[in-house]
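Let's take a friendly walk through a protein model together. Keep the picture open beside you and look for each part as it comes up.

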Amino acid sequence: MSRLSDRTRLIASATRRGEGRRPVNPPLERASTMLSDDPARMQDPTDGPVYGLDGTAAARELKAALCDLEGGIAAFLVPSGLASVTLPLMALLRPGDEVVATDALYGPTRRFLNRYMAQRGITTRYHPAAATTEEILGLITQRTRVLLLESPASLTFEIVDVAALAQACRARGVLTVMDNTWAAGLAFRPLAHGVDVSVQALTKYVGGHSDLLMGAITVADADTARAIGNSLDDMGWHVSPDDAWLALRGLRTLPLRYTEQHRSALQIARWLEGRPEVSRVLYPPLPGSVGHDQWSRHHDGGAALIGIEMKGGSATAAHALMKQLALFGMGYSWGGFESLITYETPQLGGRVHPPVMNGALLRIHIGLESPSDLLADLDHGLAAWRDAL
């Protein structure tokens, strides 16, 4: 049989045969202490988890499914999406090392680099979000140990040539770590493009219901896996069996939700593009948008996260628009079933190379509601925007 599609594989792993009568989903095991029958085998991992930190059935099955999805040799679960980025950096970097990263990096990741890592003798160099491959590589020095990739970038959605950067970094002895939350392991597979470590916030699309916090780290080679695994052991981080079970349940329907939300987001992005209040729509799957050429060459889909650069405006106008909306929740995160909106202009001020904007920057996440209902809601919000100008 030829290789199954993602949609089928993520379900087929639950219905596999040869294990006797069993539930479709693994049992939910809440356990810290694991008992053995033989004192000589109490620390033998081939008998199963030695302690609750090793992960019970749901966590083991979730890690196996993520490895299969992303094409890795090992996967690790951590308590948040941010932890999935910070753990590999702590594992792979030492005092005196340097990180190169996009200036449009996820805010908490940037804070971690500028505060925690800087205090420990690790420096970060930020390249402009729209830098070319050559410009990014030009920032690499003898001290550079990691290139931290986020593509599309946070808030402004620039896309870099991941494969070209990964290949060039490998030749220079520089490791690549990529935050792949936007593609959710579906629309883009970093490890297949030469990246060493792929991370994602399972909080977002994998969980899919805005009811858990978790991150995943998937790696391509044994040495990197060992370094990250050792650091995870030393940190003592763990995910609860309940959250692992919920994430595994979300993973089964991920392709359907991701595809449907992408379809709705593209429809809404096209509508926004024609609105007189909007200067630019920042959504790589939209023809003519930032990153579209790179997206069309390397991606098989897209998240439902859209940046809206308005024509002029202020925080007052942005808040008026947001308050008028009835179907968009005002809250951070994304990837769940619900639509959300945030005002993001203030975050741009923290960049080394802030982008030139024609007006206020809003970000919307498109959920599973009917696109026609969301468009009507946005129309009401834009009317409130105009009245507030």
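## A buried ring and its partner

F112 has a relative accessibility of 12%, so it counts as buried; the word buried means under 20% relative accessible area, exposed means over 50%, and partly exposed covers what lies in between (1.4 Å probe, protein chains only). Y116, with 31% relative accessible area, is partly exposed. Both F112 and Y116 sit in helix 4, four residues apart, or about one turn of the helix. Helices here are DSSP runs of H or I with at least four residues, strands are DSSP runs of E with at least two, and both are numbered from the N terminus.

This is a predicted model, in which local features need pLDDT of at least 70, side-chain atom pairs count only at pLDDT 80 or more, and totals for chains, interfaces and linings use all residues. Residues are numbered from 1 along each chain as its sequence is written, and side-chain values use heavy atoms, with hydrogens and water left out.

## Rings that pair

How many aromatic pairs does the model have? The count comes to three, using this rule: rings of Phe, Tyr and Trp (its six-membered ring) pair if their centres lie within 6.5 Å, and planes under 30 degrees apart count as stacked, over 60 as edge-to-face and the rest as tilted. F112 and Y116 make a stacked pair, at 5.1 Å centre to centre with 15° between the planes.

Y205 and W334 are an edge-to-face pair, because their planes stand at 65°, with ring centres 5.9 Å apart. This pair links distant parts of the chain, 129 residues apart: Y205 is in the loop between strand 6 and strand 7, and W334 is in the loop between strand 10 (329-330) and strand 11 (340-343). Both Y205 and W334 are buried, and together with Y258 they form one aromatic cluster.

Charged side chains also lie over rings. K204 is over the face of W334, at 5.6 Å from the ring centre, and R110 is over the face of Y126, at 4.2 Å from the ring centre. For this, NZ of Lys or CZ of Arg must be within 6 Å of the ring centre and within 35 degrees of the ring normal.

Now find the open sheet of seven strands, with the order 1-7-6-5-4-2-3 and mixed pairing. Strand 1 (74-78) and strand 3 (123-127) are at the edges with a single partner strand each, so one side of each has no neighbour in the sheet. From one strand to the next, the twist averages 20°. Two strands pair if DSSP finds at least two bridges between them. Strand 2 (residues 98-102) and strand 3 pair in the parallel sense over five bridges, and V100 has R125 in strand 3 as its bridge partner.

## Helices across the sheet

Helix 4 (residues 107-119) lies across strand 2, strand 3 and strand 4, at about 140° to strand 3. Helix 3 (residues 81-92) lies across strands including strand 1 and strand 6, running at about 155° to strand 6. Axes are lines fitted to C-alpha atoms, for helices over the stretch in contact, and angles run from 0 to 180 degrees between N-to-C directions.

The axes of helix 3 and helix 4 come within 10 Å and cross at roughly 35°. Which residues meet there? L82, V85, T86, L89 and M90 in helix 3 meet P108, T109, R111, F112, L113, Y116 and M117 in helix 4, where contact means heavy atoms within 4.5 Å.

## Around strand 11

Strand 11 is covered on both faces: L340 and T342 on one side and I341 and Y343 on the other are all buried. In a regular strand the side chains alternate between the two faces of the sheet. Strand 11 pairs with strand 10 in the parallel sense over two bridges, and G329 stands opposite L340. Strand 11 and strand 12 (residues 361-365) run antiparallel, joined by four bridges, with Y343 opposite L362.

Most residues other than glycine have a negative phi, and most peptide bonds are trans. S151 and P152, however, are joined by a cis peptide bond, with omega about 5°. P152 is in the loop between strand 4 and helix 6 (162-172).

L155 is in the loop between strand 4 and helix 6, and has a positive phi of about 75° although it is not a glycine. F157 also has a positive phi, about 65°. L155 counts as buried at 9% relative accessibility, and F157 counts as buried at 1%.
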